[in-house]
Amino acid sequence: MSNSKNHIQSDLLGKALVEVGIMSEERIEVKFNTPYILQQNGASCKDHESIFISNGNINVEGRAESHTDLLFVPTTDNGNFTLADVTIGKNFHWEQKELQTFSGALRIIMEDNQLTAINIVPVEEYLTSVISSEMSATSSIELLKAHAVISRSWLLSQITNKNRKKTTASGMTETEEEIIKWYDREDHINFDVCADDHCQRYQGITRASTKTVREAIEATKGLVLMCDDEICDARFSKSCGGVSETFENCWEDSPHKYLVKVIDNADCHDKLAEDLSIEANAEQWIRSEPKSFCNTTDKEILSQVLNSYDQETPDFYRWKVEYSQEEISDLIRRKSGIDFGDILDIVPMERGVSGRLVKMKIVGSKRTLTIGKELEIRKILSESHLYSSAFVIDKEGDGIPLKFTLTGAGWGHGVGLCQIGAAVMAAKGYSYKDILFHYYKNCTIDENYGNKI
Ligand SMILES: [Zn+2]
Ligand SMILES: [Zn+2]
């Protein structure tokens with residue numbers, strides 16, 4: 001297994017390949033549904049093989065030899081295999097194990113005294129599976145095409161940027177007065193992406209792909225977003241709240257030319273939204289319901305982007321959360337690990353271009369501290385995650401406030417494409433290119449990624 005890969009591998013037919021980490025267990029049971037061989041020695045596989053670790057090597061039940069890694073390759077087109085006990089929804093309340101079926105090759109390696117199964121599969125097949133499980137079957141074709149280009153760009157930027165100087169995964173600055181933290185996704189070392197929500201959820205060919213998704217993948221085959229000869233790390237969130245945020249206000253302080261402020265309406269203009277980093281403007285913006293692509297209550301459009309659970313809470317464009325003094329002081333103490341005493345005030349200190357708070361001061365009877373960036377603010381002010389950090393604060397009561405009301409805008413970090421806005425654009429007849437160029441600035445859509453890498 002090479003750890004220094006910074007290019008895209010391809011198979012004998014020149015198809016770009018991705019290595020997806022599927023599961024880690026002490027023993028892995030594989031059912032080969034079509035003929036496969038073990039590439040190390042050319043031996044034909046049995047219908048069912050059981051793989052385990054013994055004396056620090058990988059062994060296959062009933063075979064004498066042992067290896068440091070195994071590569072099983074199909075000998076026919078449409079080769080596929082099934083893995084037992086794949087954990088899905090890892091660390092979520094609905095975590096469960098199931099049989100999953102994958103096409104392409106299977107590599108087994110050792111990591112931390114466990115076996116890791118890696119599926120090596122053509123990029124376009126991987127994308128078909130990912131988008132079929134992420135998007136609703138009712139999604140319109142232009143929305144799916146936009147998502148196909150985003151997912152492909154994200155994936156290929158992960159693979160090609162791996163060993164370049166890359167954005168760091170997290171950072172923190174801490175003084176007596178201020179703790180500023182931000183978190184990004186950690187890279188994988190031994191494969192390109194995992195099959196969980198940490199990367200993009202991938203279930204191989206376990207469930208049938210949707211016809212419209214296959215059409216969207218085919219129609220955008222090989223297309224990626226490029227900026228200055230690099231594949232874009234195409235971020236997206238549920239709803240920008242009317243204006244999208246810049247990369248550096250959420251993660252590392254390194255501006256990305258394509259992840260800049262976008263006013264989310266047809267003419268990209270709104271006088272009120274001109275400078276939302278000014279408190280008075282942000283206040284007026286968040287307390288109003290300006291017209292924008294993601295300002296919609298159309299159930300048919302929302303069902304294309306949100307699963308049914310999410311549709312039960314459709315107040316994402318403008319929302320309200322209320323806490324009593326008791327609730328908020330307890331919440332902040334538990335979530336931050338710091339006892340502020342009674343919460344006397346929550347003061348906006350710095351806002352990004354979308355009105356999202358980058359820094360916020362918590363004034364307590366025992367302690368006063370400024371915290372950031374947006375994800376940290378959202379974590380501390382909610383049991384799960386606050387919808388967004390674009391909010392204003394109202395207090396009630398003289399002296400120690402009895403109640404805090406947060407009035408907010410948007411859902412998610414707000415950087416890059418706004419999914420609900422994109423679904424509305426597609427419904428209004430915009431093409432996937434219109435949608436991508438609306439949300440990602442200074443970009444091109446490159447038609448031949450293979451030649452750029
Ligand atoms: Zn991952
Ligand atoms: Zn939006």
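How far apart do the C-alpha centres of domain 1 and domain 2 lie? They are 34 Å apart, and keep in mind as you look around that this is a predicted model.

**Stop 1: the two domains.** Colour residues 1-165, 189-234 and 424-453 one way; together they make up domain 1 in the domain assignment. Now show the residues where the two touch: domain 1 puts 24 residues into the contact, and domain 2 puts in 17. Interface size is often quoted as the accessible area lost when the parts come together. Here, domain 1 and domain 2 bury about 1800 Å² between them, with carbon and sulfur atoms accounting for 62% of that area.

**Stop 2: a charged pair.** How many salt bridges are there between domain 1 and domain 2? The count is 1. While you're on charged pairs, select Lys257 and Asp228 and show their side chains: they meet in a salt bridge, 2.9 Å from N to O.

**Stop 3: another salt bridge.** The structure as a whole holds 27 salt bridges.

**Stop 4: a helix pair.** Move on to residues 419-427, helix α9, and 432-439, helix α10. The two pack at an angle of about 145°, and their axes are 10 Å apart. Their crossing is right-handed. Show side chains for Gly421, Ala422, Met425 and Ala426 on α9, then Asp434, Ile435, His438 and Tyr439 on α10, and you have the residues that make the contact. By type, these split into 5 nonpolar, 2 polar and 1 charged.

Stop 5: Most peptide bonds are trans, and most residues other than glycine have a negative phi. Zoom in on Gly372 and Lys373: the peptide bond from the one to the other is cis, with omega near -5°. Lys373 lies in the loop between β22 (368-372) and α8 (374-380). Finish at Asn55, a non-glycine residue with a positive phi, near 50°. You'll find Asn55 in the loop that runs between β5 (48-54) and β6 (57-60).

Key. Residues numbered from 1 in each chain as written. Chains lettered and ligands numbered in written order. Predicted model: local features only at pLDDT ≥ 70, side-chain atom pairs only at ≥ 80, totals over all residues. Heavy atoms only, no water. Axes fitted to C-alpha atoms, helices over the stretch in contact; angles between N-to-C directions. Helix = DSSP H or I, 4+ residues; strand = E, 2+ residues; numbered from the N terminus. Left-handed = near helix turned anticlockwise from the far one by under 90°. Contact = heavy atoms within 4.5 Å. Nonpolar A, V, L, I, M, F, W, Y, C, P; charged D, E, K, R; others polar. Domains from an automatic or database assignment. Buried area = accessible area lost by both parts, 1.4 Å probe. Salt bridge = Lys/Arg side-chain N within 4 Å of Asp/Glu carboxyl O.
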